Amino acid sequence: MPVVAIVGAGLIGQGWAIVFARAGWRVRLYDVDAGRLAEGRDLVQQQLHALQAQGLLRDAAAAAACVETAATLEAALADAVYVQENSPEQVAVKRALFQTLDALAGPETILASSTSSIPASQFTDHLAQRHRCLVAHPVNPPYLVPVVEISGAPWTGEQAISRTRDILAAVGQRPVVVRKEIEGFILNRLQGALLQEAFRLVRDGVASVEDIDTTVKDGLGLRWSFMGPLETIDLNAPGGIADYCARYGAMYASIGASQAECPAWDGTLVDTLSRERREALPAEDLASRRFWRDEQLMRLMRHKQQQSGETNG
């Protein structure tokens, strides 16, 4: 049974532990905060049972038995073939931690970071074995949203990229490769473009927060739950994507010209966004709504698995 070391037992670390335990890997969970480590393991077990209750996992107890906590980083890394780092989004923190990981991990061990936006070159350039270091950025929660963005530094070896892709696919994720380093990778750049326009539409009084969310969840999102935007437009014109571009290219060019300026995410605009969201969902209900979100994702995942004939671990 292969071993994975999960470094950092916060929400993302817990999510990664669930992904690997569900696939039958031995999971060693480590955190510098012993209290958070114990709490993290308990939450992993809780979510594994929730997955079983939704029909997304056959044996939660067996998966939970795969997860152990490590008292030291050295113990977590022992015999690990893959390491997933989940430290704060600070370059200095990651540089120091990766230097330690590079010194302690076996020479063939992949060292991957969950960073949402920091290119691997910013925290691995000083390492002796930097060829095995990369970013494997998940979507939260990774056990329900399977895309993982693999982004190497200029010196990351092709073998490290290939091995990481194989490992992630084997544990049920959907790895995609970022071919060249770029801030925010793929997902956050796409999400950011949509958010910038959503903020602009609110700022300019074009639509309410609720109506923008409705347009996505009951419009674009319905298609995007099973096909991407490029396949969407490929199917939306008789002659495919080239025909779509010929028909609508000028329209999108005109729209794009009005989108060059990015709204500032502060001040009156953020006050408006926050006020409308808190009117729709009081602050005290945020936690319960997050559980609701996860339940809906579980139901969607179950439906997609049924349609594709996939089996659960």
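Me: Is Tyr248 buried, exposed or partly exposed?

Reply: This is a predicted model, in which local features need pLDDT of at least 70 and side-chain atom pairs count only at pLDDT 80 or more, while totals for chains, interfaces and linings use all residues. Residues are numbered from 1 along each chain as its sequence is written, and side-chain values use heavy atoms, with hydrogens and water left out. Buried means under 20% relative accessible area, exposed means over 50% and partly exposed lies in between (1.4 Å probe, protein chains only). Tyr248 has 31% relative accessibility, so Tyr248 counts as partly exposed.

Me: How many aromatic pairs does a search of the whole structure find?

Reply: Rings of Phe, Tyr and Trp (its six-membered ring) pair if their centres lie within 6.5 Å; planes under 30 degrees apart count as stacked, over 60 as edge-to-face and the rest as tilted. The search of the whole structure gives seven aromatic pairs.

Me: What kind of pair do the rings of Phe20 and Tyr82 form?

Reply: A pair of aromatic rings is described by the distance of the centres and the angle of the planes. For Phe20 and Tyr82 the centres are 5.7 Å apart and the planes are at 35 degrees, so the pair is tilted.

Me: How many residues apart are Phe20 and Tyr82?

Reply: Phe20 is buried at a relative accessible area of 0%, and Tyr82 is also buried at 0%. Ring pairs link Phe20 and Tyr82 with Trp16 and Trp25 into a cluster. Phe20 belongs to helix H1 (residues 11-22) and Tyr82 to strand S4 (residues 82-85), so the pair links distant parts of the chain, 62 residues apart.

Me: Which residue has its backbone oxygen 2.7 Å from a polar atom of the side chain of Thr156?

Reply: A polar contact is a pair of N or O atoms within 3.5 Å; within protein, one must be able to donate a hydrogen and the other to accept it, and residues adjacent in sequence count only if both atoms are side-chain atoms. Thr156 lies in the loop between strand S7 (147-152) and helix H7 (158-170), and its side chain reaches the backbone nitrogen of Ala153 at 2.8 Å. The backbone oxygen at 2.7 Å belongs to Cys133.

Me: Is Thr156 buried or exposed?

Reply: Contact means heavy atoms within 4.5 Å. Not counting residues up to four places away in sequence, Thr156 touches Arg130, His131, Cys133, Leu134 and Ile161. At 10% relative accessibility, Thr156 counts as buried.

Me: Over the face of which residue does Arg130 lie?

Reply: A charge sits over a ring if NZ of Lys or CZ of Arg is within 6 Å of the ring centre and within 35 degrees of the ring normal. Arg289 lies over the face of Trp292, at 3.6 Å from the ring centre. For Arg130, at 4.1 Å from the ring centre, the residue is Trp155.

Me: Which residues does a cis peptide bond join?

Reply: Pro141 lies in the loop between strand S6 (133-138) and S7. Omega is about -5 degrees for the cis peptide bond that joins Asn140 and Pro141.

Me: What is the phi of Asp79?

Reply: Asp79 lies in the loop between helix H4 (73-77) and S4, and at 66% relative accessibility counts as exposed. Asp79 is a residue other than glycine with a positive phi, near 65 degrees.

Notes. Helices (H or I, at least four residues) and strands (E, at least two) are DSSP runs, numbered from the N terminus.
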